[in-house]
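Trainee: Could you walk me through a protein model and show me how to read its features?
Mentor: Gladly, let us look at it together.

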Amino acid sequence: MKPASALPLTAALCLLLGACVAVPPRAPTTDWQAASAPVKASAGAHGNWPASDWWRAFQAPQLDSLIERALADSPNLALAEARFQQARQGIALNQAAAGVMVGASAGANRQRLSDNGLIPPQFLGFNWYSQGDLGAQLQYDFDFWGRHKAAIEAAVDQAHAAAAERDAARLMITSAVADTYFGWQTTQARLALATARIAARQSIRDIAAARVERGIDNASVLDQADAALAGAREQAAELAAGARLQRVGLAALLGIGADQLPPLTVQSLPTLDLTLPATVGIDLIARRPDINASRWRVEAALSRRAAARAAFYPDFSLSALLGLSSIDLGKLLNAGSLVANVGPALHLPLFDSGRLKAQYGAVSAELDSAIAAYHASVVDAAREAASQALQLDRIAQRRSARQAQVAAIDALHQRTAARAAHGLSDARPALESKAALIDQNDAMTALHGAALAADIALIKALGGGYQADAAPTPSTSTHKVTAP
């Protein structure tokens, strides 16, 4: 084409672009990923912590079986998986919309012309005729401004977010099952101590009753013994009720009734190393599935904004038709029945009553909301991890102090028991020191259970060993779309 002949086309194109609805200015590129201060902790020997199957470190086969069943039957996890599959299909849908559309058609019909129509049959020489058509159509939308590409990127990011949400639901289930299971085991250990406490208090009460009956002590001594025995029985009843509630909660996590829960064997509580790894900080927090889901939602909103901005530009498409058409079915396949049509189309947004601006404003507001939610999730995650780390440290200090009390009470009990065995005193001081020792052991057991709960909560706060799925979608892109 000569330069002179290209001028009118260039001028027309400039006029068309100038007639478009005013395109919003390109949003400035900002680093929206906020970082929070790491959680300070002392180094430990956990190594790569936590692992994706972190609960196996407790070496509790019963817990492993319960978690496997909960993951297999959880309705919440099934819902998250369904949402992920829906997001995957969204990618395929957007990819199909951006591709070439090819279709084929075939048809045949028999029609009679009206005697009183626009063209009387006597002029044509027939009343009935047949019409046959056979053809193929092609349509393609040129994505010059990246609108379809941005829509695909948004669908890919949404699939990543759905995958992270699925893993977040998985972590929620596993941590809840582990916490409830060890809560039940803790309660069972405390129930055994409660039974021993009742036995000690009953013996003390029997001695007090005998002394009062013989007039050695007044009735107030028996009243005190009765009150202490009643308190021990009340504590045991409360623990038993708590154990039943924990079974109900565990059954609910498995999606079954309490009567369908398999029998649980009482086992010793696992030992814990309460020192924390040096990496308890933002590097582990950033691996939380809920934070990753928030991040992918921001990426999806960025792509949707790019697609909304690209909609302000002209849309070019090409359509073509190649086929056969004849009113004589016998000649349908002849070369003379060939029909063809090729034509480009231009869609130019001129006046749309503010629809495009409103759509762009909506996706921009959605982006702002997603970024704010991401920042909030990072802050909340850092606070949660720091709180659980401090809770573990506090429990470790309390256990250390409690161990000193247990040692002192145990030494006292050994002395009083020895005196009673040699007949230097009656059995009451030994029984009282035994009850006090049981109380201290009960407090230690409760602290052990609290340490397990805090450890599980910290693992959950740090993502539970979450690893982002590298390929949760049929096709992923390694770069982000930039709007024109």
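Trainee: What should I know before I start?
Mentor: This is a predicted model, where local features need pLDDT of at least 70, side-chain atom pairs count only at pLDDT 80 or more, and totals for chains, interfaces and linings use all residues. Residues are numbered from 1 along each chain as its sequence is written, and side-chain values use heavy atoms, with hydrogens and water left out.

Trainee: What average pLDDT does the protein have?
Mentor: pLDDT is the predictor's confidence in each residue, from 0 to 100. Here the protein averages 77, and 75% of the residues score at least 70. Helices are DSSP runs of H or I with at least four residues, numbered from the N terminus. Confidence is lowest in helix 1, with a mean of 52, and highest in helix 6 (residues 219-254), with 91.

Trainee: Where does pLDDT stay under 50?
Mentor: One such stretch is residues 34-47, for which the model has 35 contacts beyond four places in sequence; a contact means heavy atoms within 4.5 Å. Residues 470-484 also have a pLDDT below 50, with 37 contacts in the model beyond near neighbours in sequence.

Trainee: How do I read a backbone angle such as phi?
Mentor: Most residues other than glycine have a negative phi. Gln 59 is not a glycine, yet its phi is positive, at about 55°. You will find Gln 59 in the loop between helix 1 (3-19) and helix 2 (61-73).

Trainee: Is Gln 59 buried or exposed?
Mentor: Buried means under 20% relative accessible area, exposed over 50%, and partly exposed in between (1.4 Å probe, protein chains only). Gln 59 counts as exposed because its relative accessibility is 72%.

Trainee: How many aromatic pairs are there?
Mentor: A pair of aromatic rings is described by the distance of the centres and the angle of the planes. Rings of Phe, Tyr and Trp (its six-membered ring) pair if their centres lie within 6.5 Å; planes under 30 degrees apart count as stacked, over 60 as edge-to-face and the rest as tilted. A search of the whole structure gives 3 aromatic pairs. In one of them, Trp 54 and Trp 55 have ring centres 5.6 Å apart and planes at 85°, so they are edge-to-face. Trp 54 is buried at 4% relative accessibility, and Trp 55 is buried at 3%.

Trainee: Which residues form one aromatic cluster?
Mentor: They are Phe 58, Tyr 181 and Phe 182. Both Tyr 181 and Phe 182 are buried.

Trainee: How many salt bridges does a search of the whole structure find?
Mentor: Side chains of opposite charge can pair when their charged atoms come close. A salt bridge is a side-chain nitrogen of Lys or Arg within 4 Å of a carboxyl oxygen of Asp or Glu. The search finds 14 of them. For example, Arg 304 and Glu 366 meet at 2.6 Å, N to O. Arg 304 lies in helix 8 (residues 289-310) and Glu 366 in helix 9 (residues 355-421), so this pair ties together parts that are 62 residues apart in sequence.

Trainee: Which residues are linked in a network of salt bridges?
Mentor: Asp 53, Arg 56, Asp 64 and Glu 68 are linked that way. Within this group, the closest N and O atoms of Asp 53 and Arg 56 are 3.7 Å apart. Asp 53 is partly exposed, at 32%, and Arg 56 is partly exposed too, at 36%.

Technical notes: Helices (H or I, at least four residues) and strands (E, at least two) are DSSP runs, numbered from the N terminus.
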